[in-house]
Amino acid sequence: MLLHPLPAPHLAPFHPPPRRPAFPLARLRLRLRLARPLQPSVSMAVAEEAEPHQAKPHPQPRSRSTNGDTGKESEFRLVGYSKFVRTNPRGDRFPVKGFHHVEFWCADATNTSRRFSFGLGMPLASRSDLSTGNPVHASYLLQSGDLRFLFTAPYSSSPAALATVLPDPEGLVATPAIPSFDAAVCRRFSNVHGLGVRAVALLVEDAASAFHISVANGARPAFPPAVLSGGAILSEVELYGDVVLRYVSVVGGEGAPRPWSFLPGFEDAESPSPPLDYGIRRLDHAVGNVPELAPVLEYIRRFTGFHEFAEFTAEDVGTAESGLNSVVLANNDERVLIPLNEPVHGTKRRSQIQTYLDHNEGPGLQHLALASGDVLATLRRMRAVGPWGGFEFMPPPPPTYYRNLRRRAADVLTEAQMEECEKLGVLVDRDDQGVLLQIFTKPVGDRPTIFLEIIQRIGCMVKEEGGREYQKGGCGGFGKGNFSELFKSIEEYEKSLEAKQILTPSTA
Ligand SMILES: [Fe+2]
């Protein structure tokens, strides 16, 4: 139930836009970039060397979008990985402290959360459901390190059902713990998208101020600031499709004494014994798929002030058969990373991003990258439980990939580690600053839409003024050098699905 009369979040039927072709490598940029360019990664050179005759997507005309600062229409273009010059203008429009949580909307939160708990080694940390006095939705919070996944599903909102849990349903209002929750919107979300992410939540200094600043800078409001009775503020603006960007802040600051750990209305759960922990520690990036990148990029950039952190064109990452264009947005400290993908067309096979858009029936969150301090140890645990109800992984790259790995990564990984990378199917990439170890799950739900990425970043350690050491965001890149290998694996997976489809004869 909404606390305020608000326009319903966008859930209109999705109409596929006219298909856009690939960006040419040299399209006009919005801004002049002044800092030094990133150097092409070693793996990029290897990939190019290995596939000198790879087909390129067809070059296409420029894309236009509205300039966020002037309101005037301007031309936007990607320049590609090798020509991109990273700058950090530190232009956040409001203080952002990091990711707070990710909320999945589903039809049954109990079962969905337990599958993720088992598959990722994330124990139940808090709950808000009938047992805690919440008759509107069942919500279960899993936590591992700083990573928080919230799973929410609606209860019946029939008067008969409410009468069983409210002493006087006529005189009382059923209050959800998440104030923006609306059962009808949640049900429709599940019908349209299947299992998916509803909210990417940021911890901000002041969720009310963040909301008002965002809306003043063009954000479409989804839920105005609500002060929760336990001393937190929550607000939401639209991000893309039916996904919202949620702002969370704690009244009096995070150190203020409070009787809750996650949000008011949630009760802490007892820690399981023995402890459940596969080593996942934080959310690294949350990626969205959209039909057309430029307007969404401009929309988010304008109301957040986030800056472009990296970009990849179809020519950087495409295979001979499909591809995408991608831009990564980052906040001031570059630890909140929000990449966006768009499909490219004119290739032999349909883009992976278009497949997502078709099955998700519109834009949505494509994948969440979860960072581990020891990805090999995490993968050992995840793979061990995969066949028993955990997550499956995409097929590994061909053996030639790991033979080349010796040439690319022998200075940072031991022979034993490289052997285990091959055994576990872990991909390795690097940029001019660090190394990235990564692996992708198969889609986690029924549809070929949302999936997970498990990563470890190595290197790029810097010291803050106070002496605290931390790792720079995006260290080692995003696996650009692995994209073509990944896409080959995905394409093989799709082909295997197509081969298994049984076509029913249309004879009478
Ligand atoms: Fe990723």
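A disulfide joins cysteine 460 to cysteine 475, with the sulfur atoms 2.0 Å apart. The model is a predicted one, and its disulfide count comes to 1. Elsewhere, an iron ion is held by His285, His367 and Glu453, and the aromatic pairs number 16.

**Cysteines**

- Cysteine 460 lies in the loop between β19 and β20 (461-463), while cysteine 475 lies in the loop between β21 (469-471) and α12 (480-500), so the bond ties together parts that are 15 residues apart in sequence.
- The link of cysteine 460 and cysteine 475 is right-handed, with 75 degrees about the S-S bond.
- Cysteine 460 has a relative accessibility of 13% and counts as buried because the cut-off is under 20%.
- Cysteine 475 is buried as well, with a relative accessible area of 1%.
- Cysteine 186 is in no disulfide, and the nearest cysteine sulfur, which belongs to cysteine 106, is 7.2 Å away. A disulfide requires sulfur atoms within 2.5 Å.
- Cysteine 186 is buried at 0% relative accessible area, and cysteine 421 is buried at 0% relative accessibility.

**Iron site**

- The iron ion is coordinated through NE2 of His285, NE2 of His367 and OE of Glu453, at 2.0 to 2.2 Å.
- Along the chain, these donors follow the spacing H-x81-H-x85-E.
- Histidine 367 belongs to strand β16 (residues 364-372) and glutamate 453 to strand β19 (residues 451-459); the two are 86 residues apart, and the pair links distant parts of the chain.
- Both histidine 367 and glutamate 453 are buried.

**Aromatic rings**

- The count of aromatic pairs in the model is 16.
- Phenylalanine 149 and phenylalanine 151 have ring centres 6.4 Å apart and planes at 85 degrees, so this pair is edge-to-face.
- Phenylalanine 149 is buried, with a relative accessible area of 0%, and phenylalanine 151 is buried at 0% relative accessibility.
- Tyrosine 299 and phenylalanine 303 form an edge-to-face pair, at 4.9 Å centre to centre and with 65 degrees between the planes.
- Helix α6 (residues 293-304) holds both tyrosine 299 and phenylalanine 303, which are 4 residues apart, about one turn of the helix.
- Tyrosine 299 and phenylalanine 303 are both buried.
- A cluster linked by ring pairs contains Phe104, Phe116, Phe149, Phe151 and Phe391.

**Charges over rings**

- Arginine 220 places its charged end over the ring of tyrosine 299, 4.1 Å from the ring centre. Tyrosine 299 is thus found both under this charge and in the pair with phenylalanine 303.
- Arginine 457 lies over the face of phenylalanine 478, at 5.2 Å from the ring centre.

**Helix α2**

- Helix α2 (residues 109-120) has 12 residues and reaches 16 Å from its first C-alpha to its last, close to the 16 Å expected at 1.5 Å a residue.
- At the start of α2, a side-chain oxygen of aspartate 108 comes to within 3.3 Å of the backbone nitrogen of threonine 110.
- The buried residues of α2 are Ala109, Thr112, Ser113, Phe116, Ser117, Gly119 and Leu120. Among them, Phe116 is also a member of the ring cluster.
- Glycine 121 follows α2 and has a positive phi, near 70 degrees.

Technical notes
Residues numbered from 1 in each chain as written. Predicted model: local features only at pLDDT ≥ 70, side-chain atom pairs only at ≥ 80, totals over all residues. Heavy atoms only, no water. Donors = N, O, S within 2.8 Å, 3.2 Å for Na, K, Ca; no water. Buried < 20%, exposed > 50% of the residue type's maximum accessible area, 1.4 Å probe, protein only. Phe/Tyr/Trp six-rings, centres within 6.5 Å; stacked < 30°, edge-to-face > 60°. Lys NZ or Arg CZ within 6 Å of the ring centre and 35° of its normal. Expected span 1.5 Å × (residues − 1). Polar contact = N/O pair within 3.5 Å; in protein donor to acceptor, adjacent residues only side chain to side chain.
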